[in-house]
Amino acid sequence: MKKVNIIVIGPPGAGKGTQSERISGELGIPHISTGDMLRQHSDLETEHGMARDYMDRGDLVPDKIVYSILDHRLKKRDTENGFVLDGFPRDISQARHLESMEKIDAVISLEVDKNNVIRRLTGRRICDSCGKTFHLDYKPPVKEGVCDKCGSDLVQREDDKKDVIEQRLKKYRDKTLPLKEFYRKKGVLRKVDGNKDIEAVWNDIKEMIEEFLR
Ligand code: AP5
């Protein structure tokens, strides 16, 4: 298979993680999420652990920390056939940083209305141990409050509380939204209606991927 580098962008709660996981399974390329990596580092209290303060406030983590984690990850051998990147870039300067290292083949933009975003974020629960994502209404676990995969407790992310969501949405509007124009000019932007249910969004993405891989 030819190398394919995909970025998934969209507001908080758009379904980037959910759909990136599926793209990763379909194409056999790793799903790389800067949010997940930053959360892991904070949990482990590594030198990058201070990222947690920014995340809990809904602010972007300083580039220096994010670049050091991402650059290291992109050098791993499992990216030789490509990757699906979720949560990066977050602004034009991060996009330029990425451009200096990798060619991007497609940027999938999940277009989701604000009311759906808020419903998805406030109902999201994640596994305390393995990080698997659930939703109280749209993707409930088999047993309430317990992870289907590893049996650990499900918790709410600190940044999924209402006031932090507003700040994340503001950051998205101010910093991340201009990326759509940036990638549209490069001819790689592909918009998907992310308001549909998980399966329907996935079907649209799959069709699009088949088209550009042809
Ligand atoms: P990050 O973890 O990337 O958060 P985010 O971008 O705000 O995105 P989310 O993880 O909240 O949502 P998602 O779009 O992945 O949706 P999901 O699939 O989970 O970043 C967190 C923080 O880290 C940032 O605020 C920042 O501080 C820092 N950070 C990360 N990257 C950074 C960077 N590059 N630079 C600087 N700082 C950075 O779905 C959400 C819920 O909805 C789930 O419960 C899911 O089950 C459900 N759902 C999904 N799709 C559907 C659907 N179609 N219908 C119904 N429900 C759905």
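Colleague: Which element gives the most to the shell around the ligand?

Modeller: H2 does, with four residues. This is a predicted model, so local features need pLDDT of at least 70 and side-chain atom pairs count only at pLDDT 80 or more, while totals for chains, interfaces and linings use all residues. Residues are numbered from 1 along each chain as its sequence is written, and side-chain values use heavy atoms, with hydrogens and water left out.

Colleague: What makes a run of residues a helix or a strand?

Modeller: Both are DSSP runs numbered from the N terminus: a helix is H or I with at least four residues, and a strand is E with at least two. H2 covers residues 34-44, so it counts as a helix under that rule.

Colleague: What puts a residue in the shell, and how many residues surround the ligand?

Modeller: A residue is near a molecule or strand if one of its heavy atoms lies within 4 Å of it. For the ligand that gives 36 residues, and the closest are Thr-18, Thr-34, Asp-59, Arg-124 and Arg-168.

Colleague: How do the residues of the shell divide into nonpolar, polar and charged?

Modeller: There are 14 nonpolar, ten polar and twelve charged residues. Ala, Val, Leu, Ile, Met, Phe, Trp, Tyr, Cys and Pro count as nonpolar, Asp, Glu, Lys and Arg as charged, and the others, Gly among them, as polar. Asp-59, Arg-124 and Arg-168, which are among the closest residues, therefore count as charged.

Colleague: What makes something a polar contact?

Modeller: It is a pair of N or O atoms within 3.5 Å; within protein, one must be able to donate a hydrogen and the other to accept it, and residues adjacent in sequence count only if both atoms are side-chain atoms. A polar side-chain atom of Arg-120 lies 3.4 Å from a nitrogen atom of the ligand, so this pair is inside the limit.

Colleague: How much of the ligand does the protein bury?

Modeller: The ligand taken alone exposes 1,000 Å², and the protein buries 97% of that. Accessible areas come from the Shrake-Rupley method with a 1.4 Å probe, and for residues only the protein chains shown count as cover.

Colleague: Why is the link between Asp-36 and Arg-39 called a salt bridge?

Modeller: A salt bridge is a side-chain nitrogen of Lys or Arg within 4 Å of a carboxyl oxygen of Asp or Glu. The side chains of Asp-36 and Arg-39 meet at 2.8 Å, N to O, so the pair qualifies. Both lie in H2, three residues apart, which is a separation of about one helical turn.

Colleague: Are those two residues, Asp-36 and Arg-39, buried or partly exposed?

Modeller: Buried means under 20% relative accessible area, exposed over 50%, and partly exposed in between (1.4 Å probe, protein chains only). Arg-39, with 15%, is buried. Asp-36, with 35%, is partly exposed.

Colleague: What do Glu-102 and Lys-3 tie together?

Modeller: Their side chains meet in a salt bridge at 3.4 Å, N to O. Glu-102 lies in the loop between helix H5 (92-99) and E4, and Lys-3 in the segment before E1, so the pair ties together parts that are 99 residues apart in sequence. Glu-102 has 17% relative accessibility and counts as buried, whereas Lys-3 has 38% and is partly exposed.

Colleague: Why is E1 described as mostly covered?

Modeller: Six of the six residues of strand E1 (residues 4-9) are buried. Val-4, Ile-6 and Val-8 are on one side, and Asn-5, Ile-7 and Ile-9 are on the other.

Colleague: How do you know that E1 pairs with E3 and E4?

Modeller: Two strands pair if DSSP finds at least two bridges between them. Five bridges join E1 to strand E3 (residues 82-86), and four join E1 to strand E4 (residues 106-111), so both counts meet the rule. E1 runs parallel to E3 and parallel to E4. Val-4 stands opposite Gly-82 in E3, and Ile-6 stands opposite Ala-106 in E4.
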